[in-house]
Amino acid sequence: MRRTTRILRLTIALGLVATIGSLPPPAWGQAEQAMIKPNYREADIRTIVEAVSEVTGKNFVIDPRVKAQVTMLSATPMSPDAFYETFLSILQVHGFIAVPAGDVIKILPDANARQVPGAASNAGGDQIVTMTVMLRNVGAAQLVPILRPLIPQYGHLAAHPASNMLIISDRAANVDRLRRIISRIDQAGDEEIEVIPMEHATATQVVNMLSQLSQAAQAAGGAPPIQFIADERTNSVLISGSKNSRLRFRALISHLDTPSEDGGDTQVRYLNYADAADLATKLQAQFTSTAATAAPGAAAAPGSINIWADEPTNALIINAPPKMTRDMMGVIDKLDIRRAQVLVEAIIVEVTADKAAELGVTWAIDGSGSDEAIAVTNFPSTSTGIAQIAGATGGTAIDPSVIPEGITLGIGRIRNSGTNFAAIISALQGDANTNIISTPTIVTMDNEEAEIRVGQEVPFLTGSFTNTGGGGTGAVNPFQTIQREEVGTSLKLTPQINEGSGVLLQIEQETSSISQGASGAVDLITNNRTISTSVFVEDTEILVLGGLIDDTVRESEQRVPILGSVPLLGALFRSRSTEKLKTNLMVFIRPTILRDGVQARFQTDSKYNYIRDLQLEQSTKDPALMRGEERPLLPPLEEYRRPAQPAEEENTADGG
């Protein structure tokens, strides 16, 4: 009777309404199986734990962190076992777990679920269980990212690759659900290995492409796993996977294993602008090095790349794998382009002004036939004196080279007896102006050295020898050694066009000429002007490279001591010469970039028409003493550019 009273009191305290039906009040053994209908509104969870302990007879240990207000509404009666399962659901809702530990059940926050031992594997409901699942057909590590979203935060999922097992810790209901999912995934499929030989494509390249497609499809989550392996010895592709996947990829392989549109691994590429021999050497070195440093298993080996040049047709013959060939074609497309040209005009200007003046008196007194002495004045360094003229007239012919330039006046008296005298007065004044403009012009490719030379070879005496003949004849054989050197104008340059409109020029410019003879010189004298520099010039702009301004005054005076210093009278005893030479030399440069055929044609037309206009001016007059003779004349430029007619058309025109 006491036990029945305790159950009824507990039922009232918990707000439970016992439903017994139409049966009479049961005894204590039957009261434990009575159906109850619990209802709670904002009840403390500890109160519910006490009620469950009274109804089920289980012992509980409550963690101090377990605190919650619970509301539970029940519309139908339930047994004590069902009430306990409902209690476990209440714990799950509020973030707690019930962990059996011998005769005691511990109530803990679910954050500790990973550190507590799980219930038996056959437990159900919301009890925490730990289970290991062995996989036979699928890798355990592959399933972890798939199943991870199905595990709550307090649960645990890990793979043991060595044994190919999964370790799962979670509530029993969720663990059972995961086990059913795993059993459906871990199925032995109908995979077979197919061997597909390649006839045109390379097995390694096909496998690389198919592997990328398969990985992308699997990453999207819609494709079954499939594996591809390349057999390089037989050039075959091995496929392992489901039947549908193998069928789909087999069709793709058939599409890829087709002959190349270009006709195989050997290609012939005709070049328009680049030099085939030079480009072949560079491509061979570049792509052989690339193939040697490629990763193992790459399609191209260093020995499989061969590039050689056919110089008569300026073509490249390339034998390489398709991928390497496509890379080469891309490089060739960028290198085989029309390079810009540069028209360089050098302007060499030299202006010279030369003035000279000479005045001198020489005389001689001869007292032949008497006791009078002979007196002579001579100043050979400034002008030709009376002594030289007298020597020139002593023979049968007069040497004209002895007569000085300018005016020469002579006075005197010459008799067979008595005193003879003679005086020579020489006077000269000269003005000379020189204006020279040289414009050497040259066209060259970008980054290509070019040189133009306009001049002549002049012989220079380098030595003289005299050999005496043998045999007792005593013959003398004199001879001289001569060396020829170029004299004229030369221009050597290398242009480099930048990304804008400027040109970097490396220039070597030289101008040489033959100078007039000078006193004491044994051979020809040359004037040489050289410039070697690097400059940057904008397109069509003129830049001064350098120059020289030389202003020289030379004065010379020869006189008789004492007498030459006498005022007025001293002019009869001296000779003077003065020379002033002023030279102005400047060198300019003007580059013009010819980026296309239109600009090149424009510059060509202007130079061609300039020369033709000069010939037209001269053609208006017949050559002297040859009336009716025609002067050479360039034809109009349009005639050169007119396309030539075939021989058949010309014959037809003549016949008509």
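In helix α4, the residues P80, F83, Y84, F87, L88, I90 and L91 are buried (under 20% relative accessible area with a 1.4 Å probe, protein chains only; exposed is over 50%, partly exposed in between). Viewed down the axis of α4, these buried residues fall within an arc of 155° (taken from the directions from the helix axis to the C-beta atoms), so they line one face of the helix. On the other side of α4, D81 and V93 are exposed.

This is a predicted model, where local features need pLDDT of at least 70, side-chain atom pairs count only at pLDDT 80 or more, and totals for chains, interfaces and linings use all residues. Residues are numbered from 1 along each chain as its sequence is written, and side-chain values use heavy atoms, leaving out hydrogens and water.

Just after α4, G95 takes a positive phi of about 80°.

Now to the sheet: 3 strands form an open, antiparallel sheet in the order β8-β10-β9 (strands pair if DSSP finds at least two bridges between them). Both β8 and β9 stand at the edges with a single partner strand each, so one side of each is left without a neighbour in the sheet.

| β8 | 128–134 |
| β9 | 156–160 |

Definitions and conventions. Helix = DSSP H or I, 4+ residues; strand = E, 2+ residues; numbered from the N terminus.
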